[in-house]
Amino acid sequence: MKVHVEVLLNIFIILSNVLFFAEAEVFTALVDLGPLLDTGGEIVKTLERYLKVEEERLEKVKWLRAQYEKLYTSAIQDEETFLSNPVNAYLLVKRLTSDWAITNRLIEGAQSKALIENITQQSFIFPDQEDLRGAATALLRLQDTYLLDTTQLARGEIDGAKRVFSELSAGDCFMLGHEALQLNDHFYTVRWMQEALDRVEREEVKTSNKQTILDYLAYSSFVLGDLEDAVKYTQYLLNIAPNHSRAQENLIYYQNLLNNGDHSKGDEGSPIDDKPKPLKVIKREQIPTFTNYERLCRGEHIKTPFEQSQLNCRYTTSNNSYLVLQPVKVEQLSLDPEIVIFHDIISDKDMELFKDLAVPWLARATVQNPKSGALETASYRVSKSAWLNDTVHPRIARASQFIKDVTGLEVDTAEELHIINYGIGGHYEPHLDHKREGEVDPFAHIGTGNRIATWIFYLSDVEAGGATVFPKIGVQVKPKKGTAAFWYNLRKSGDGDMNTIHAACPVLSGTKWIGNKWLHEKNQEFRRRCSLNRSE
């Protein structure tokens with residue numbers, strides 16, 4: 001903000017005029033001194049305006065400082081619980097991106113700049129605009145998947161979250177509405193802009209611009225076909241800014257559509273800017289099970305009571321002598337395909353070790369392009385992961401051996417242990433683990449064949465959300481620390497089982513860690529015998 005610099009420049013110009021009068025020898029006649037009184041009065045008014053601008057600037061700086069302090073003091077009370085709330089995580093990223101940029105612009109002067117440079121030149125980590133857009137998109141994804149109320153979410157209230165630390169300002173809500181518009185989601189644009197409008201009218205220190213909010217509200221209401229609201233918000237905007245040219249023309253256009261169906265076109269332009277848009281939230285419509293995926297994520301039951309009655313819990317040794325003295329607890333979730341949960345399968349010590357070993361190597365998780373076989377990032381998979389070979393630590397090798405003992409499958413052709421940590425609203429939309437016919441085989445160069453089975457260690461509890469769901473068969477696996485899920489991706493005939501399509505639901509609250517182990521076809525010939533019947 002350079003308003004005060006411009007004011008000082010005006011003062012300089014006025015003083016220059018005073019000097020001009022002096023060169024004209026105004027002192028030689030009292031009549032010529034009269035205008036100098038006007039000049040002095042204008043300087044008083046100018047300095048008053050300057051001080052007002054400075055006071056407003058300092059009030060904004062004080063407000064921002066209070067927001068940072070509130071966030072920090074809340075976080076240090078219980079860092080893990082604080083960060084597990086997606087509203088807190090979004091606010092943390094926003095405070096260190098767009099709000100920090102505003103702070104920089106507000107703080108001028110050599111001494112102030114030196115303070116800022118001292119922070120930015122040190123080895124502190126600052127998120128970037130991509131992080132901010134990702135955090136905003138994640139919050140919108142959570143709201144959409146779990147049908148969260150906008151006002152409650154703005155208050156930081158999330159079912160399952162232990163505590164409420166933070167509440168969103170009008171500016172925070174506006175940014176979420178702006179991100180929804182960038183994603184072409186006008187439904188949530190309207191809801192977040194309405195929340196921003198409600199909040200900005202109550203704020204002492206305004207964090208957003210009412211005219212801009214109304215501009216977005218009118219446009220998105222129009223796109224949604226709600227012409228009455230489009231007219232209402234446009235009239236409200238014109239009450240505040242009567243000379244808003246686009247709003248004037250849009251009002252005529254909206255009223256014509258509403259009153260008599262006249263489609264004479266006005267400038268129904270969008271208020272969105274020309275900045276590059278982020279990747280959209282991809283809901284892969286080619287998968288008909290997407291609706292079931294979201295229902296299961298919300299905890300809705302899809303299986304019939306009869307199907308549920310066929311399932312059981314038991315102890316098993318898997319015909320392995322090593323498990324005779326300590327059988328494994330098995331919970332059956334599905335008969336076809338067979339999906340089971342093993343309880344109390346891994347120790348706390350091993351879980352913490354696996355996470356600690358993975359942290360230095362965590363990188364954005366990728367998906368394989370089915371046509372090219374190349375690894376790439378995608379918006380429908382949000383997490384970071386690391387691969388841990390059996391040679392990294394004896395406990396990892398021991399975990400591999402344990403998987404072999406329990407499943408009866410060979411692990412020498414399996415992939416490395418894949419440790420995954422999900423981020424804000426972290427998820428992985430419906431997908432198959434195995435390669436389908438016509439897709440590129442990513443393991444052709446090592447000749448291990450397709451992924452015959454999947455094993456998942458659950459390395460943390462999750463307060464809310466984060467389940468593994470199978471939309472086609474109505475199965476939900478809630479993450480529980482110390483358990484493991486297991487299923488076959490291929491039938492005994494070698495054909496892929498399409499019923500194993502599964503997804504990782506967005507993490508609503510908490511931290512989700514898992515460890516994947518994908519087992520391959522090679523060397524399983526005598527461990528899981530083939531069948532000529534393609535239905536088996």
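**Entry 1: terms and ground rules**

I count a salt bridge when a side-chain nitrogen of Lys or Arg lies within 4 Å of a carboxyl oxygen of Asp or Glu. With that rule, I find 25 salt bridges in the structure.

I keep in mind that this is a predicted model, where local features need pLDDT of at least 70 and side-chain atom pairs count only at pLDDT 80 or more, while totals for chains, interfaces and linings use all residues. Residues are numbered from 1 along each chain as its sequence is written, and side-chain values use heavy atoms, with hydrogens and water left out.

**Entry 2: glutamate 410**

I looked up glutamate 410 and found a salt bridge to lysine 404, at 3.5 Å from N to O. Glutamate 410 also forms a salt bridge with arginine 527, with the closest N and O atoms 3.5 Å apart. What does the pair of glutamate 410 and arginine 527 tie together? Glutamate 410 lies in the loop between helix 17 (394-407) and strand 8 (417-422), and arginine 527 in the segment after strand 17 (513-520), so the pair ties together parts 117 residues apart in sequence. (Helices, H or I with at least four residues, and strands, E with at least two, are DSSP runs numbered from the N terminus.)

Is glutamate 410 buried or exposed? Glutamate 410 is buried, at 11% relative accessible area, and arginine 527 is partly exposed at 39%. (Buried means under 20% relative accessible area, exposed over 50%, and partly exposed in between, using a 1.4 Å probe and protein chains only.)

**Entry 3: glutamate 415**

Next I checked glutamate 415, whose side chain meets that of arginine 451 in a salt bridge at 2.7 Å, N to O. Glutamate 415 lies in the loop between helix 17 and strand 8 and arginine 451 in strand 10 (residues 451-458), so this pair ties together parts 36 residues apart in sequence. Glutamate 415 is buried at 10%, and arginine 451 counts as buried at 16%.

I also noted a network of salt bridges linking Lys94, Arg95, Asp99 and Asp172.

**Entry 4: the cores**

I then turned to nonpolar cores, meaning sets of buried Ala, Val, Leu, Ile, Met, Phe, Trp, Tyr and Cys residues joined through side-chain atoms within 4.5 Å. The largest has 61 residues, and Ile213 is one of those with the most contacts inside it. A second, separate core of 32 residues includes Ile346, Ile403, Leu409 and Leu519.

**Entry 5: paired strands**

Last, I followed strand 2 (residues 328-335), which pairs with strand 1 (residues 313-316) in the antiparallel sense over four bridges. (Two strands pair if DSSP finds at least two bridges between them.) Strand 2 and strand 3 (residues 338-343) are also antiparallel, over six bridges, and a hairpin joins strand 2 to strand 3 through two residues.
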